[in-house]
Amino acid sequence: MDIIIYILVFIFGIVIGSFLNVCIYRIPKGKTVVAGRSFCMSCNKTLSWYDLIPIISFISIGGKCRYCKAKLSLQYPLIEATNGLLYVLVFYIYGWQTSMIVLINIIYCLSISLLIVVSLIDHRTFTIPGGLTKTLLVLAMIGLIIRYFGIERTNALLLDHVIGLFAVSSFLAIIFYVTGGRGIGGGDVKLMAGAGLLLGWKLVILSFILGAIFASVIHILKMRLMNADRTLAFGPYLSAGIIVSLLFGNSIINWYILYILQL
Ligand SMILES: [Zn+2]
(Lines give C-alpha, C1' and ligand atoms only; values in the text may rest on other atoms or scores of the structure.)
Protein backbone atom coordinates (compact mmCIF):
# COMPACT_ATOMS: atom_id res chain seq x y z
CA MET A 1 0.00 0.00 0.00
CA ASP A 2 3.10 2.20 -0.08
CA ILE A 3 2.16 3.31 -3.58
CA ILE A 4 -1.00 5.03 -2.27
CA ILE A 5 1.07 7.06 0.22
CA TYR A 6 3.47 8.07 -2.57
CA ILE A 7 0.58 9.10 -4.86
CA LEU A 8 -1.01 11.20 -2.10
CA VAL A 9 2.35 12.82 -1.29
CA PHE A 10 2.91 13.52 -5.00
CA ILE A 11 -0.54 15.15 -5.38
CA PHE A 12 0.11 17.25 -2.27
CA GLY A 13 3.48 18.20 -3.79
CA ILE A 14 2.09 19.36 -7.14
CA VAL A 15 -0.68 21.35 -5.46
CA ILE A 16 1.91 23.18 -3.33
CA GLY A 17 4.01 23.40 -6.52
CA SER A 18 1.31 25.44 -8.29
CA PHE A 19 1.29 27.81 -5.31
CA LEU A 20 5.10 28.12 -5.70
CA ASN A 21 4.57 29.39 -9.25
CA VAL A 22 2.36 32.13 -7.82
CA CYS A 23 5.05 32.99 -5.22
CA ILE A 24 7.84 33.10 -7.82
CA TYR A 25 5.83 35.54 -9.94
CA ARG A 26 4.37 37.72 -7.18
CA ILE A 27 6.99 38.00 -4.38
CA PRO A 28 9.56 40.03 -6.44
CA LYS A 29 6.76 42.46 -7.35
CA GLY A 30 5.87 42.94 -3.70
CA LYS A 31 2.38 41.51 -4.28
CA THR A 32 0.47 39.39 -1.80
CA VAL A 33 0.58 35.64 -2.42
CA VAL A 34 -2.53 34.68 -0.45
CA ALA A 35 -5.24 36.73 -2.18
CA GLY A 36 -6.21 37.49 -5.77
CA ARG A 37 -7.18 35.14 -8.57
CA SER A 38 -4.65 33.95 -11.14
CA PHE A 39 -4.97 35.35 -14.64
CA CYS A 40 -3.45 34.83 -18.08
CA MET A 41 -0.47 37.13 -18.50
CA SER A 42 -1.26 37.73 -22.21
CA CYS A 43 -5.02 38.37 -22.29
CA ASN A 44 -5.51 39.14 -18.58
CA LYS A 45 -8.53 36.83 -18.45
CA THR A 46 -9.15 35.47 -14.94
CA LEU A 47 -8.55 31.73 -14.93
CA SER A 48 -11.16 29.26 -13.67
CA TRP A 49 -10.51 26.44 -11.28
CA TYR A 50 -10.28 23.95 -14.16
CA ASP A 51 -7.41 25.95 -15.68
CA LEU A 52 -5.48 25.67 -12.44
CA ILE A 53 -5.28 21.92 -11.85
CA PRO A 54 -1.53 21.28 -11.62
CA ILE A 55 0.07 19.57 -14.65
CA ILE A 56 -3.27 18.16 -15.91
CA SER A 57 -4.62 21.54 -17.04
CA PHE A 58 -1.36 22.32 -18.80
CA ILE A 59 -1.44 19.06 -20.75
CA SER A 60 -5.19 19.15 -21.50
CA ILE A 61 -5.03 22.63 -23.00
CA GLY A 62 -1.80 21.83 -24.87
CA GLY A 63 0.34 24.36 -23.02
CA LYS A 64 -1.68 27.30 -24.40
CA CYS A 65 -4.10 29.76 -22.83
CA ARG A 66 -7.68 28.45 -23.34
CA TYR A 67 -8.88 31.93 -24.30
CA CYS A 68 -6.15 33.72 -26.28
CA LYS A 69 -3.99 30.70 -27.22
CA ALA A 70 -0.82 32.38 -25.92
CA LYS A 71 1.88 29.85 -25.13
CA LEU A 72 2.18 29.17 -21.39
CA SER A 73 5.61 28.84 -19.87
CA LEU A 74 6.81 25.27 -19.45
CA GLN A 75 8.12 26.49 -16.09
CA TYR A 76 4.69 25.98 -14.45
CA PRO A 77 4.31 22.22 -14.92
CA LEU A 78 8.06 21.69 -14.43
CA ILE A 79 8.02 23.38 -11.01
CA GLU A 80 4.89 21.43 -10.02
CA ALA A 81 6.32 18.08 -11.09
CA THR A 82 9.74 18.76 -9.51
CA ASN A 83 8.13 19.73 -6.21
CA GLY A 84 5.92 16.62 -6.27
CA LEU A 85 8.85 14.30 -7.03
CA LEU A 86 11.03 15.84 -4.30
CA TYR A 87 8.20 15.34 -1.75
CA VAL A 88 7.98 11.69 -2.77
CA LEU A 89 11.77 11.36 -2.38
CA VAL A 90 11.61 12.80 1.17
CA PHE A 91 9.01 10.19 2.18
CA TYR A 92 10.85 7.41 0.31
CA ILE A 93 14.12 8.20 2.12
CA TYR A 94 12.86 9.00 5.63
CA GLY A 95 9.74 6.79 5.73
CA TRP A 96 6.59 7.47 7.77
CA GLN A 97 6.83 5.02 10.70
CA THR A 98 5.85 7.53 13.39
CA SER A 99 3.88 10.75 13.41
CA MET A 100 7.05 12.60 14.47
CA ILE A 101 8.88 11.40 11.35
CA VAL A 102 5.93 12.53 9.23
CA LEU A 103 6.02 15.98 10.88
CA ILE A 104 9.77 16.29 10.22
CA ASN A 105 9.15 15.18 6.61
CA ILE A 106 6.58 17.95 6.22
CA ILE A 107 9.15 20.49 7.51
CA TYR A 108 11.68 19.09 5.01
CA CYS A 109 9.14 19.27 2.15
CA LEU A 110 8.18 22.87 2.92
CA SER A 111 11.87 23.82 3.20
CA ILE A 112 12.55 22.27 -0.22
CA SER A 113 9.62 24.23 -1.71
CA LEU A 114 10.97 27.41 -0.19
CA LEU A 115 14.41 26.70 -1.71
CA ILE A 116 12.82 26.23 -5.15
CA VAL A 117 11.22 29.68 -4.83
CA VAL A 118 14.55 31.17 -3.58
CA SER A 119 16.37 29.64 -6.58
CA LEU A 120 14.05 31.02 -9.26
CA ILE A 121 13.73 34.48 -7.71
CA ASP A 122 17.51 34.80 -7.12
CA HIS A 123 18.21 33.55 -10.66
CA ARG A 124 15.97 36.29 -12.11
CA THR A 125 16.48 39.21 -9.77
CA PHE A 126 19.85 38.53 -8.08
CA THR A 127 18.26 38.98 -4.67
CA ILE A 128 16.87 36.60 -2.09
CA PRO A 129 13.83 38.21 -0.39
CA GLY A 130 14.35 38.49 3.38
CA GLY A 131 10.89 37.07 4.05
CA LEU A 132 11.98 33.76 2.51
CA THR A 133 15.19 33.37 4.55
CA LYS A 134 13.24 34.27 7.72
CA THR A 135 10.63 31.64 6.88
CA LEU A 136 13.39 29.04 6.47
CA LEU A 137 14.71 29.95 9.94
CA VAL A 138 11.22 29.53 11.43
CA LEU A 139 10.77 26.15 9.67
CA ALA A 140 14.18 25.03 10.96
CA MET A 141 13.28 26.11 14.50
CA ILE A 142 9.96 24.20 14.40
CA GLY A 143 11.80 21.16 12.99
CA LEU A 144 14.34 21.25 15.82
CA ILE A 145 11.62 21.59 18.48
CA ILE A 146 9.72 18.60 17.01
CA ARG A 147 12.91 16.53 16.88
CA TYR A 148 14.01 17.48 20.41
CA PHE A 149 10.67 16.79 22.12
CA GLY A 150 9.51 13.98 19.85
CA ILE A 151 12.53 11.96 18.78
CA GLU A 152 15.85 12.70 20.43
CA ARG A 153 15.91 14.73 23.66
CA THR A 154 19.66 15.32 23.91
CA ASN A 155 21.96 18.31 24.27
CA ALA A 156 24.08 16.86 21.46
CA LEU A 157 21.16 17.39 19.05
CA LEU A 158 20.72 21.03 20.09
CA LEU A 159 24.46 21.66 19.87
CA ASP A 160 24.66 20.05 16.41
CA HIS A 161 21.97 22.38 15.04
CA VAL A 162 23.08 25.56 16.85
CA ILE A 163 26.65 25.06 15.56
CA GLY A 164 25.02 24.47 12.17
CA LEU A 165 23.36 27.89 12.38
CA PHE A 166 26.82 29.53 12.53
CA ALA A 167 29.07 26.97 10.77
CA VAL A 168 28.82 28.25 7.18
CA SER A 169 26.95 31.52 7.74
CA SER A 170 29.63 33.12 9.95
CA PHE A 171 32.31 32.20 7.40
CA LEU A 172 30.18 33.76 4.63
CA ALA A 173 29.41 36.79 6.81
CA ILE A 174 33.15 37.49 7.10
CA ILE A 175 33.49 37.34 3.29
CA PHE A 176 30.43 39.62 3.03
CA TYR A 177 31.98 42.30 5.27
CA VAL A 178 35.54 42.00 3.92
CA THR A 179 34.42 42.34 0.27
CA GLY A 180 31.73 44.92 1.00
CA GLY A 181 28.99 42.58 -0.26
CA ARG A 182 30.65 41.91 -3.63
CA GLY A 183 32.00 38.45 -2.77
CA ILE A 184 28.69 37.11 -1.51
CA GLY A 185 25.16 38.41 -1.00
CA GLY A 186 23.59 39.07 2.39
CA GLY A 187 20.75 36.78 1.36
CA ASP A 188 23.19 33.89 0.84
CA VAL A 189 24.53 34.38 4.39
CA LYS A 190 21.00 34.20 5.88
CA LEU A 191 20.08 31.27 3.64
CA MET A 192 23.00 29.20 4.99
CA ALA A 193 22.13 30.19 8.59
CA GLY A 194 18.62 28.75 8.14
CA ALA A 195 19.95 25.67 6.35
CA GLY A 196 22.44 25.08 9.18
CA LEU A 197 19.77 25.25 11.87
CA LEU A 198 17.65 22.85 9.79
CA LEU A 199 20.34 20.28 8.94
CA GLY A 200 23.06 20.55 11.60
CA TRP A 201 26.71 21.44 11.08
CA LYS A 202 27.92 18.42 9.08
CA LEU A 203 25.17 18.59 6.48
CA VAL A 204 25.30 22.37 6.10
CA ILE A 205 29.05 22.25 5.43
CA LEU A 206 28.35 19.52 2.86
CA SER A 207 25.57 21.73 1.36
CA PHE A 208 28.04 24.56 0.91
CA ILE A 209 30.72 22.35 -0.67
CA LEU A 210 28.14 20.86 -3.07
CA GLY A 211 26.77 24.33 -3.88
CA ALA A 212 30.27 25.63 -4.65
CA ILE A 213 30.97 22.62 -6.90
CA PHE A 214 27.64 23.02 -8.77
CA ALA A 215 28.26 26.76 -9.17
CA SER A 216 31.79 26.38 -10.54
CA VAL A 217 30.96 23.56 -12.95
CA ILE A 218 27.79 25.13 -14.33
CA HIS A 219 29.19 28.64 -14.42
CA ILE A 220 32.33 27.57 -16.30
CA LEU A 221 30.14 25.68 -18.81
CA LYS A 222 27.85 28.68 -19.24
CA MET A 223 30.75 31.06 -19.81
CA ARG A 224 32.33 28.70 -22.34
CA LEU A 225 29.20 27.76 -24.25
CA MET A 226 27.02 30.84 -24.11
CA ASN A 227 29.49 33.62 -23.37
CA ALA A 228 27.40 34.41 -20.32
CA ASP A 229 28.50 37.38 -18.24
CA ARG A 230 30.32 36.91 -14.98
CA THR A 231 27.48 37.85 -12.68
CA LEU A 232 26.57 34.83 -10.62
CA ALA A 233 23.47 34.30 -8.50
CA PHE A 234 24.75 31.90 -5.86
CA GLY A 235 21.30 31.18 -4.37
CA PRO A 236 20.19 28.49 -6.85
CA TYR A 237 23.44 26.53 -6.42
CA LEU A 238 23.40 26.81 -2.63
CA SER A 239 19.74 25.73 -2.66
CA ALA A 240 20.56 22.71 -4.84
CA GLY A 241 23.40 21.84 -2.43
CA ILE A 242 21.04 22.09 0.55
CA ILE A 243 18.38 19.91 -1.13
CA VAL A 244 20.90 17.21 -2.15
CA SER A 245 22.39 17.30 1.34
CA LEU A 246 18.94 17.08 2.98
CA LEU A 247 18.08 14.01 0.89
CA PHE A 248 21.41 12.18 0.47
CA GLY A 249 23.83 13.95 2.83
CA ASN A 250 24.16 11.19 5.40
CA SER A 251 24.79 8.60 2.68
CA ILE A 252 27.36 10.87 1.02
CA ILE A 253 29.21 11.43 4.31
CA ASN A 254 29.19 7.70 5.18
CA TRP A 255 30.41 6.82 1.69
CA TYR A 256 33.15 9.41 1.97
CA ILE A 257 34.35 8.10 5.35
CA LEU A 258 34.21 4.47 4.19
CA TYR A 259 35.94 4.76 0.85
CA ILE A 260 37.77 8.04 0.33
CA LEU A 261 39.44 8.25 3.72
CA GLN A 262 40.85 4.75 3.26
CA LEU A 263 42.53 5.39 -0.09
ZN1 LIG B 1 -4.74 34.29 -22.40
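Here are some notes on how this predicted model is put together.

1. Some ground rules to start. Residues are numbered from 1 along each chain as its sequence is written. As this is a predicted model, local features need pLDDT of at least 70 and side-chain atom pairs count only at pLDDT 80 or more, while totals for chains, interfaces and linings use all residues.

2. The protein splits into domain 1 (1-96) and domain 2 (99-263), with bounds that come from an automatic or database domain assignment. Their C-alpha centres are 24 Å apart. Across the boundary, 18 residues of domain 1 are in contact with 15 residues of domain 2 (contact: C-beta atoms, placed from the backbone, within 7 Å).

3. On the side of domain 1 that touches domain 2, α3 gives the most, with 10 residues. Helices here are DSSP runs (H or I, at least four residues), numbered from the N terminus. That side of domain 1 has 15 nonpolar residues, 3 polar and no charged. For the classes, Ala, Val, Leu, Ile, Met, Phe, Trp, Tyr, Cys and Pro count as nonpolar, Asp, Glu, Lys and Arg as charged, and the others, Gly among them, as polar.

4. T82 counts as partly exposed because it has 17 C-beta neighbours inside 10 Å (20 or more other C-beta atoms within 10 Å would be buried, 12 or fewer exposed, and partly exposed is in between). T82 and I14 sit 8.0 Å apart, C-alpha to C-alpha, despite being 68 residues apart in sequence.

5. Now the largest nonpolar core, which has 57 residues (a set of buried Ala, Val, Leu, Ile, Met, Phe, Trp, Tyr and Cys residues joined through C-beta atoms within 7 Å). I112, V117, V118, M192 and V204 touch the most other members. The largest share, 12 residues, comes from α4, and the core draws at least three residues from each of domain 1 and domain 2.

6. Take V204 from that list: leaving aside neighbours within four places in sequence, V204 is in contact with G164, A167, V168, M192, A195, G196 and L199.

7. The axes of α8 and α10 come within 11 Å and cross at roughly 5 degrees, which means α8 is roughly parallel to α10. Axes are lines fitted to C-alpha atoms, for helices over the stretch in contact, with angles running from 0 to 180 degrees between N-to-C directions; under 35 degrees counts as roughly parallel. G187, D188, L191, M192, A195 and L199 in α8 meet G235, L238, I242, S245 and L246 in α10. The residues of this contact divide into 7 nonpolar, 3 polar and 1 charged.

Notes: Helix = DSSP H or I, 4+ residues; strand = E, 2+ residues; numbered from the N terminus. Contact = placed C-beta atoms within 7 Å. Parallel < 35°, antiparallel > 145°, perpendicular 65-115°, else oblique.
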